[in-house]
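Welcome, and please have a look at the model below. This report walks through a few of its features, starting with helix packing.

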Amino acid sequence: MKLDLFGVQTDAQPFAEAVDRLAEWSVETQARRYVCTCPVYTLMMCYERPPVMAAVNGADMVTADGVPVVWLQRKRGATMAERVYGPDVMQALCERTANTPARHYFWGGENGVAAALAAQLRSQAAGLQVAGSYSPPIAPLGSEPDASAISRLNDSGADVIWVGLGSPKQDLWMAQHRPYLNAPLLIGVGAAFDMLAGVKKQAPRWMQRTGLEWLFRLLQEPGRLG
């Protein structure tokens, strides 16, 4: 069920349904899809910046990554809506596709984070196929697709590319690079790289459930999120 929130076309859905759909998309080799995870921060970036709005609305799925987004969806009548949170999606899909041919690539994070994340997920999901990991240099998004990134990712044979560049950069990056990448599925998960690699702490579940995760994140990154 698609719901318009401030112009952003979000998907209102149960968590399990979202993971089921992503597992199906990961093996549809002729398809070329990308997924944006959307907390309130991304909603506001879309509202303020038309190119971000276009990138997010170009995605095949826009998940309710934050609890306040879920509240808005439910207020609009989507009573089945649940939080489809990047770190939980990553763990669930990696577990679902372990011991299958699906190959995962981890693209993002600061130096060494992607490799640490891949090792952590491989230890949690025995049989997970890892096509590679890379933490690209921190730099503004270029006006043209990055040919070296395209070559590296296509040569890896990845089926699922996890993109952890932070919003809105990762949303713009996926929209820009999607036409040139062979992997069936790209998923932007932002801070999930740092959280699951153990670089940053996740908010306690009670803060997540009550919609207070923004405060926890703000204290961690006041400059970016303020």
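## Helices α5 and α6

A crossing of two helices is called right-handed if the near helix is turned clockwise from the far one by less than a right angle, and left-handed if it is turned anticlockwise. In this predicted model, the crossing of α5 and α6 is of the right-handed kind. Helix α5 covers residues 86–97 and helix α6 residues 113–124; their axes cross at roughly 55° and come within 10 Å. Angles from 65 to 115 degrees count as roughly perpendicular and those under 35 as roughly parallel, and α5 and α6 are therefore oblique to each other.

Which residues of the two helices meet here? From α5 come Met-90, Gln-91 and Cys-94, and facing them in α6 are Leu-117, Leu-121 and Gln-124. Sorted by class, the contact of α5 with α6 has 4 nonpolar residues, 2 polar ones and no charged ones.

## Helix α3 and its partners

Let us turn to helix α3, which spans residues 50–57 and packs against helix α2, residues 40–48. The angle between α2 and α3 is about 120°, and their axes are 5 Å apart. That angle makes α2 oblique to α3. The crossing of α2 and α3 is left-handed. On the α2 side, the contact is made by Thr-42, Met-45, Cys-46, Tyr-47 and Glu-48, and on the α3 side by Pro-50, Val-52, Met-53 and Val-56. These contact residues of α2 and α3 comprise 7 nonpolar, 1 polar and 1 charged.

Helix α3 also packs with α8, at an angle of about 60° and with the axes 9 Å apart. Here too, the crossing is described as left-handed. Pro-51, Val-52, Ala-55 and Val-56 of α3 make the contact with Asp-171, Leu-172 and Ala-175 of α8. By class, the contact of α3 with α8 is made up of 6 nonpolar residues, no polar ones and 1 charged one. Val-52 and Val-56 of α3 take part in the contact with α2 and also in the contact with α8.

## The second largest pocket

How much space lies in the second largest pocket? The volume is about 260 Å³. The pocket is lined by 18 residues, and the closest to its centre are Trp-107, Pro-136, Pro-137, Asp-146 and Trp-173.

Two helices, α7 (147–156) and α8 (169–177), each supply at least two residues of this lining. Helix α8 gives the largest share, 4 residues. The lining as a whole has 10 nonpolar, 4 polar and 4 charged residues.

## Two backbone details in loops

Two spots in the backbone are also worth a look. Ser-167 and Pro-168 are joined by a cis peptide bond, with omega about 10°. Pro-168 sits in the loop between β7 (160–164) and α8.

The other spot is Phe-6, whose phi is positive, about 60°, although Phe-6 is not a glycine. Where is Phe-6 found? Phe-6 belongs to the loop that lies between β1 (2–5) and β2 (8–11).

Technical notes:
Residues are numbered from 1 along each chain as its sequence is written. This is a predicted model: local features need pLDDT of at least 70, side-chain atom pairs count only at pLDDT 80 or more; totals for chains, interfaces and linings use all residues. Side-chain values use heavy atoms; hydrogens and water are left out. Axes are lines fitted to C-alpha atoms, for helices over the stretch in contact, and angles run from 0 to 180 degrees between N-to-C directions. Angles under 35 degrees count as roughly parallel, over 145 as roughly antiparallel, 65 to 115 as roughly perpendicular and the rest as oblique. Contact means heavy atoms within 4.5 Å. Ala, Val, Leu, Ile, Met, Phe, Trp, Tyr, Cys and Pro count as nonpolar, Asp, Glu, Lys and Arg as charged, and the others, Gly among them, as polar. On a 1 Å grid over the protein atoms alone, a cavity is a set of points where a 1.4 Å probe fits but cannot get out, and a pocket is an open set with protein on both sides within 12 Å along at least five of seven lines; lining residues have an atom within 4 Å of a point. Grid points are joined across faces, edges and corners, and a volume is the space filled by probe spheres set on the points.
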